[in-house]
Amino acid sequence: MAGEKKSQSLVFSILRMSVVPILLLGIVLTLYSYRSVRAGMVYEIKKNLSGLAHTLISYYNTVDAGDFSYDTGRLMKGETELTSDYRILDDIKSDTGAELTICIGATRRLTTVMDARGNRIVGTQVKDDVVEAVLNRGEEYFGENIMVGEEEYFAYYVPIIDNAGDVIGISFAGLPARSVNHSIRDMLQGNVIICIFIILLTGALSLIMSQRIVAAIRGIRKYLGGLARREFNQQMPEEVLLRRDELGEMGHYAVDVKKSLDDMISKDVMTGLLNRRAFRDQMVCRLSQDKLSIAMCDVDFFKKVNDQYGHDVGDTVLIYVAHALRDIVGERGIVSRWGGEEFLVEFDGTGEELVKRFENLRRELQVKKFRAEEAIFQITMTFGVTDYEKSMKFDRNVKAADDLLYYGKNHGRDQIVTEQKIQK
């Protein structure tokens, strides 16, 4: 349970490491995009509104070159009366969507701006800061979120100058702040959607990757746990071995460790043959064969070889015999170094067939020469061979083969002994 929690925490740790930076980057980019987009839009709005405010004055100058004036409720442009004539303003608003106003002094005399009841806000006053900048100082003025009537606007004010060079009024062009902010949100919405998509995609890919990593770690952990319990028949998961990263290397190292441990625990160090414990374990699996035979083999007078030529030469002889016995049975049997110079052989076949294979080895030994410095010597072997009786326990079968071996050693050595041979 604790291991499960650790694995789960690793999944979430990987997700955090991959998703959180993307999330923070997305937030930073969104904020930066908002500021950049808004600054760009405000710049364009200011430029366009300035053009509209100047254009509005130019339009009226084409109507009449005279000055604007207002007297006794009549708005005049030179000799032309403009009182309640909103055609020019409404046409420009229809084409551009901007609100327009002509002020005489600080008072609105022509405008497209409506109040909540749908009435034009003619007769109302512009803000004091606008009056100060435009009427008093003769400057153009731009502002964000300027209250015009009952709504906030992006507003641009241009002074109207008469033929004498005096400021007599104001030309206004504006866009409702809500529509501008809505446009900004629409532009940013695409960026936000892309950021969310990238975050979700990164999270999904990270989840898949982290689950695969955790699965590989679990596979390696289970494999190593099995080795700790001496369960050497388990297999490393294929998906771990196919990885091309450090986890894949760990998996291959674990397999190498298992092979080394298996060899240390189950094999004779010098000859590479199975030891007694491993031979017993493998015999359990081989009992499913139809016919089995078993043989105990011994190098004759091996003690003399050690005493006369040294243990290194004796080891060379044992290694040679081990390889020869393993070649004899091939894939159809197993060989164990049972102790000292004794070897136990299991063969998937009858004792008669195994005897024929041992006869080949005896003939080979008759011509095989071993060297010990200046000396040359030969060895012989004695074999006790019997069919494996599945009705008897393993130790009883081994003892039967061992008894036949000792019969041969007590009756001349260098021979293959079977029950049939003794009976004759």
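Buried denotes a relative accessible area under 20%, exposed over 50%, and partly exposed the range in between (1.4 Å probe, protein chains only). This is a predicted model, in which local features need pLDDT of at least 70 and side-chain atom pairs count only at pLDDT 80 or more, while totals for chains, interfaces and linings use all residues. Residues are numbered from 1 along each chain as its sequence is written, and side-chain values use heavy atoms, with hydrogens and water left out.

Thr 418 is buried, because its relative accessible area is 15%. Thr 418 lies in the loop between β15 (416-417) and α12 (419-423); helices (H or I, at least four residues) and strands (E, at least two) are DSSP runs, numbered from the N terminus. Contacts (heavy atoms within 4.5 Å) join Thr 418 to Val 355, Val 385 and Leu 404, not counting residues up to four places away in sequence.

A nonpolar core is a set of buried Ala, Val, Leu, Ile, Met, Phe, Trp, Tyr and Cys residues joined through side-chain atoms within 4.5 Å. The largest comprises 32 residues, and Phe 383 is among those with the most contacts inside it. Helix α9 gives the most to this core, with nine residues.

The structure holds 23 salt bridges, each a side-chain nitrogen of Lys or Arg within 4 Å of a carboxyl oxygen of Asp or Glu.

| Salt bridge | N to O distance |
|---|---|
| Arg 87 – Asp 85 | 2.9 Å |
| Glu 99 – Lys 93 | 3.1 Å |
| Arg 286 – Glu 346 | 2.8 Å |

Arg 286 in helix α7 (residues 276-286) and Glu 346 in strand β11 are 60 residues apart, and both are buried.
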